[in-house]
Amino acid sequence: MNLRFVLTKSVSGASQRQRATVIGLGLRKLGSSRVLVDTPEVRGMLRKVLHLVTAVEERPTSEAAVAKARKPAAKPAKVAAKKRAAKAKEG
């Protein structure tokens with residue numbers, strides 16, 4: 001099962017720990033959303049910033065969707081570095 005988080009209130013005025021928790025959930029700007037796998041760790045983070053976010057349970061449509069939700073997205077810098085390395089090997 002997955003949880004969808006949406007940052008509904010600003011983190012200005014929140015404590016430094018709450019700001020770090022919001023960033024840890026993958027939320028950056030007001031209105032940004034993120035789907036995460038429902039784990040005890042994520043639930044604990046949600047409990048600390050529940051007054052800043054809205055959370056909705058989602059059921060995955062397939063096993064592929066569950067696997068994709070668990071796998072972190074590749075960082076753009078790493079992707080660019082791999083492309084440069086591949087070009088250097090070719091040419």
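How many bridges join strand 1 to strand 2, and do these strands run parallel or antiparallel?

## Strand pairing

In this predicted model, strand 1 and strand 2 (residues 33-37) run antiparallel and are joined by 5 bridges. Within this pairing, R4 stands opposite V35 of strand 2.

Strand 1 is also joined to strand 3 (residues 53-58), in this case by 6 bridges, and these two strands likewise run antiparallel. Here N2 has E58 of strand 3 as its bridge partner.

## Nonpolar core

The largest nonpolar core comprises 13 residues, and F5, L25, L27, L52 and V53 are those with the most contacts inside it. Strand 1 (2-7) and helix 2 (40-48) each supply at least two of the core residues. The largest share, 3 residues, comes from strand 1. In soluble globular proteins, nonpolar side chains tend to be buried together.

Apart from its neighbours within four places in sequence, F5 is in contact with L25, L27, S32, S33, R34, L36, V42, L46, V53, T54 and A55.

T21 is located in helix 1 (residues 16-24). Its relative accessibility is 16%, so T21 counts as buried, the cut-off for that class being under 20%.

The side chain of T21 reaches the backbone oxygen of R17 at 2.8 Å. When residues up to four places away in sequence are not counted, T21 touches M45 and V49.

Methods
Residues are numbered from 1 along each chain as its sequence is written. This is a predicted model: local features need pLDDT of at least 70, side-chain atom pairs count only at pLDDT 80 or more; totals for chains, interfaces and linings use all residues. Side-chain values use heavy atoms; hydrogens and water are left out. Helices (H or I, at least four residues) and strands (E, at least two) are DSSP runs, numbered from the N terminus. Buried means under 20% relative accessible area, exposed over 50%, partly exposed in between (1.4 Å probe, protein chains only). A polar contact is a pair of N or O atoms within 3.5 Å; within protein, one must be able to donate a hydrogen and the other to accept it, and residues adjacent in sequence count only if both atoms are side-chain atoms. Contact means heavy atoms within 4.5 Å. A nonpolar core is a set of buried Ala, Val, Leu, Ile, Met, Phe, Trp, Tyr and Cys residues joined through side-chain atoms within 4.5 Å. Two strands pair if DSSP finds at least two bridges between them.
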